[in-house]
Amino acid sequence: MANSVIRAGRAVGALAKPDLDKDRLMERAASEAGLDDFGDPWFEQPLDVLLQSLREEARLNPAGDFSAMQQFHKVLTDRLWARMWFKRHPEILERAIPRPVVIVGPMRSGTTRLHRLLASDRRFSHMRSFETISPVPRPDFEDVLAGEAEDFRPVLAGRIMKVARLANPRTLSIHPTGPYQPEEELGLFVSSMWGMKHDAQWQIPSYTAWCETQDAEPAYRQLADLLRLVGWSQQVSSIRPWILKTPQHMLDLPALLKVFPDARLIFTHRDPQAVVGSAASLAWNQTILYSDHVDPADIGREWLRKTELMIARMRAARDSIPRERMIDVQYDDMDRDWRATMERIYAFLGLDIAPALPGMESYLEAAESLKRNPHRYSLEQFGLSTGEVAERLGDYTRTYAIPTEAEAGRGRAERRSAAR
């Protein structure tokens, strides 16, 4: 329906024809915002590569190129507004980001559950969904702080989520969220036209390959500045450590540690059979919204390759990280005894878990209802076999003593039987 409406609107001139030209996108954003400072021009390199890849490889349908134009316009406008805020309030860039707690794991390895458990502790700062969609407040935000206006960002986030769920209802079971839910900072990388959000949204192999050869430090520096802006807009103390998580960190740990040298790292591990199948399903369910030419086998091969690369880079980067700065957490341990696992994490962080337990229990009680509509997927859907995944990622499984999905399933069945 969306494709038909957009085609009809373009035919009668009511909607603009697709235009993914960098100069025109930047000129339009600058003209409408009345600003011209986009900040560090580094972002133009990934933007050039991304736009070329979209034009030549993504095979976007009308809804795909329409949403891409809207996305780029919003991101470019946010960059302009961010520079405006930094000039209007120089103290924003002076905010410290002390000892962030960074959850590092493959896509679908339990990072969201762990992130939301930690985010329920008020001693930490965290992003919310509306802030990862719109990290930069609008120019009238000082009226919001004064209680004279409403922050439009949660309203916009709610509308975007409704459209996404209408387009593909499976998104709610794959990644349940709402405007105020704790959320990862992947959207902040989009400000630099960087990262895996684009890979999971569009078929853009040239862009993906290019990013995998580049130093991500400028993107992390922009992320840090946006975190400062979000913290300022939340009006919270800069002493509170941030809870961060996104699979992007698996690829870019050296850059993360340059920008956040005192970060404490929580590595999550899950059987690659589940990780690869679930990641492919997530990417598939997003990509089919924007293109009518998506082969599930292509998606499967790409996310197996991507997962293998993420794990290899993570393992290489760990060699230079002091042991006291990191801890490993098994997905199955969280399933079996979440409280004991969280107590171990809090001991690593040097914090008393007791004040956090009521918030954690409330989160888990609310999350329990979502299990009635679980995310279902299989490797076979995406042209993969368990043998192929085991051959390529078996060493990772053995090194970190990760239970297979079959072993974990037997353990869950035994615990249910014992409970009865």
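## About the model

The model is predicted: local features need pLDDT of at least 70 and side-chain atom pairs count only at pLDDT 80 or more, while totals for chains, interfaces and linings use all residues. Residues are numbered from 1 along each chain as its sequence is written, and side-chain values use heavy atoms, with hydrogens and water left out.

## The sheet

Let's start with an open sheet of four strands, ordered 2-1-3-4 with parallel pairing. Strands (E, at least two residues) and helices (H or I, at least four) are DSSP runs, numbered from the N terminus; two strands pair if DSSP finds at least two bridges between them. At the edges sit strand 2 (243-245) and strand 4 (326-330), each pairing on one side only.

Strand 3 (residues 264-269) joins strand 4 through five bridges, in the parallel sense. Here Ile-266 stands opposite Ile-327 of strand 4.

## A helix across it

Helix 17 (residues 296-318) lies across strand 3 and strand 4, and runs at about 140° to strand 3. Axes here are lines fitted to C-alpha atoms, for helices over the stretch in contact (heavy atoms within 4.5 Å), and angles run from 0 to 180 degrees between N-to-C directions.

## The cores

A nonpolar core is a set of buried Ala, Val, Leu, Ile, Met, Phe, Trp, Tyr and Cys residues joined through side-chain atoms within 4.5 Å; buried means under 20% relative accessible area (1.4 Å probe, protein chains only). The largest core has 94 residues, and Phe-72, Phe-260 and Leu-265 touch the most other members. Helix 4 (residues 62-88) gives this core its largest share, 11 residues.

Apart from that core lies another, of 20 residues, including Val-101, Ile-327, Leu-357 and Met-360.

Key:
Buried < 20%, exposed > 50% of the residue type's maximum accessible area, 1.4 Å probe, protein only.
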